[in-house]
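Please walk through the structure below, one region at a time.

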Amino acid sequence: MATNGYHQRNDDSADDEDETPTKKQPRSDKDVTGSGCLLRSEADKEAAAAAAAAAPAGRGRSPRRASNATARLRSDSVKKSRPPFPWFGMDIGGTLVKLVYFEPRDITAEEEQEEVENLKSIRRYLTSNTAYGTTGIRDVHLELRDLTLCGRTGNLHFIRFPTHDLPTFLQMGSSKHFSSLHTSLCATGGGAYKFEDDFRTTADLELHKLDELDCLIRGVLYIDAVVSRGPSECYYFENPAEPDRCVQRPYALENPYPLLLVNIGSGVSILAVYSENNYKRVTGTSLGGGTFLGLCCLLTGCSTFEEALEMASQGESTRVDKLVRDIYGGDYERFGLPGWAVASSFGNMMSKDKRESVSKQDLARATLVTITNNIGSITRMCALNENIERVVFVGNFLRVNTLSMKLLAYAMDYWSKGQLKALFLRHEGYFGAVGALLELLHPS
């Protein structure tokens, strides 16, 4: 992981954006440089120079012929620079492995005839299943259809499985002879270093290891730019303090800088982002999604993230936590504190009677509230220190976790007196893997 400090690659920061949600406007090719193998201006220059060199001496060329020649040469340039299929990007985290796979849908009859059986087998396996073994899942609802990457049109698939099942994935890659198609994979996350030898010895693959913060930011900006149909990628919760009126609303993340990017996985990293290539890791905390699941496993006997969340949704944390009003009685207002605020997480568990009266569901809910409140508190302080009013939360801790998202939205709104807006993204924990895929197609 990158250390604290600035990362900069000669890009100017964009202007701040007004916080008022607006209708998302389509972006130009210039805004989505990750969608092709070459920057459009680079491809144009190459093609124009080649077209000029190919023109017969002493003879003029019609604008239409010149344009067609430029287009053909640009297409040839893109074809030469793009890697062979299959196209993958991986993010190997402490709890989950995230995999994105681009499935080409514009394969010609000639290409299909020439396609080796190994490649067909991999494509069939990944796209014809929504589950792989007992733990692998393809998140069909996140699939991006008819996406153009490197001049090819296809669908982008999002797949996840627990990191402890990585050996099964490697065996699958070996059995399908993946190394005959690729000798290396673009991967990010701590596991890209931890499991490097396993990839080499089991699957005969080298890992091209990438900076996870670079991949995260690149993936966030790319996905937000290309999503134009269906639900908005970015959204927020309106009226977070009123459960009956709290509703999800789309948000246009145009000209997003500066923003605070909070990545909640097994642990938490908080980044201050001033442009695509200028950011710093402000801080982080070890109390993240891994902490929540680990404590729930100990306290309730659950074994999966989904099971822990289901328990939390049925529990009541105030039976476990000691609130401000429990300490100050009715005289808490003079301290400027709301009575419902948690004064001591799990504070009621000092009492034997209360320990015996709480349920596993209450303990799960209190654990979720404790972890979420801690993340929200650290995030708010970072936003104040960096003078940033836009906060984007991502990471697999937020997957199917509406409880935490609403808690974060409420905390940001309440404690900042409406100055901080908590934003969320639909593809939650996949952005690092998307960034790795983009590095495969358009190496920086």
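Are α9 and α10 roughly parallel or roughly perpendicular to each other? This is a predicted model, and the geometry discussed here is that of the prediction. Two packed helices are described by the angle between their axes and by the distance between those axes. Helix α9, residues 289-300, packs against helix α10, residues 305-314, at an angle of about 70 degrees, and their axes are 10 Å apart. Angles of 65 to 115 degrees count as roughly perpendicular, and α9 and α10 are therefore roughly perpendicular to each other. On the α9 side the contact is made by F292, L293, C296 and T300, and on the α10 side by F305, A308, L309 and M311. Sorted by class, the residues in this contact are seven nonpolar, one polar and no charged.

Helix α7 spans residues 196-203, and E196, F199 and A203 are buried in it. These residues lie on the same side of α7 because they cover an arc of only 85 degrees around the axis. An α-helix has 3.6 residues a turn, so residues three or four places apart point the same way. The face of α7 turned away from the buried side carries D197 and T201, which are exposed. Among the elements that cover the buried residues of α7 are the strands β2 (87-92), β8 (184-188) and β9 (206-210), together with the helices α5 (166-175) and α6 (191-194). After α7 comes D204, which has a positive phi, near 60 degrees.

R138 belongs to strand β5, residues 136-138. Its relative accessibility is 8%, so R138 counts as buried, the cut-off being under 20%. The R138 side chain reaches the backbone oxygen of L126 at 3.3 Å, and a polar contact of 3.4 Å joins the side chain of R138 to that of Y132. With neighbours within four places in sequence left aside, the contacts of R138 include L126 and Y132 as well as T127, N129, T130, E143, H157, F158 and I159.

L261 is located in strand β12, residues 259-264. With 2% relative accessibility, L261 also counts as buried. Leaving aside neighbours within four places in sequence, L261 is in contact with L216, I217, V220, S269, I270, L271, V273, V392 and V394. For one of these, V394, the separation from L261 is 133 residues in sequence, while the C-alpha to C-alpha distance in space is 7.4 Å.

Technical notes:
Residues are numbered from 1 along each chain as its sequence is written. This is a predicted model: local features need pLDDT of at least 70, side-chain atom pairs count only at pLDDT 80 or more; totals for chains, interfaces and linings use all residues. Side-chain values use heavy atoms; hydrogens and water are left out. Buried means under 20% relative accessible area, exposed over 50%, partly exposed in between (1.4 Å probe, protein chains only). Helices (H or I, at least four residues) and strands (E, at least two) are DSSP runs, numbered from the N terminus. The arc is that of the directions from the helix axis to the C-beta atoms. Contact means heavy atoms within 4.5 Å. A polar contact is a pair of N or O atoms within 3.5 Å; within protein, one must be able to donate a hydrogen and the other to accept it, and residues adjacent in sequence count only if both atoms are side-chain atoms. Axes are lines fitted to C-alpha atoms, for helices over the stretch in contact, and angles run from 0 to 180 degrees between N-to-C directions. Angles under 35 degrees count as roughly parallel, over 145 as roughly antiparallel, 65 to 115 as roughly perpendicular and the rest as oblique. Ala, Val, Leu, Ile, Met, Phe, Trp, Tyr, Cys and Pro count as nonpolar, Asp, Glu, Lys and Arg as charged, and the others, Gly among them, as polar.
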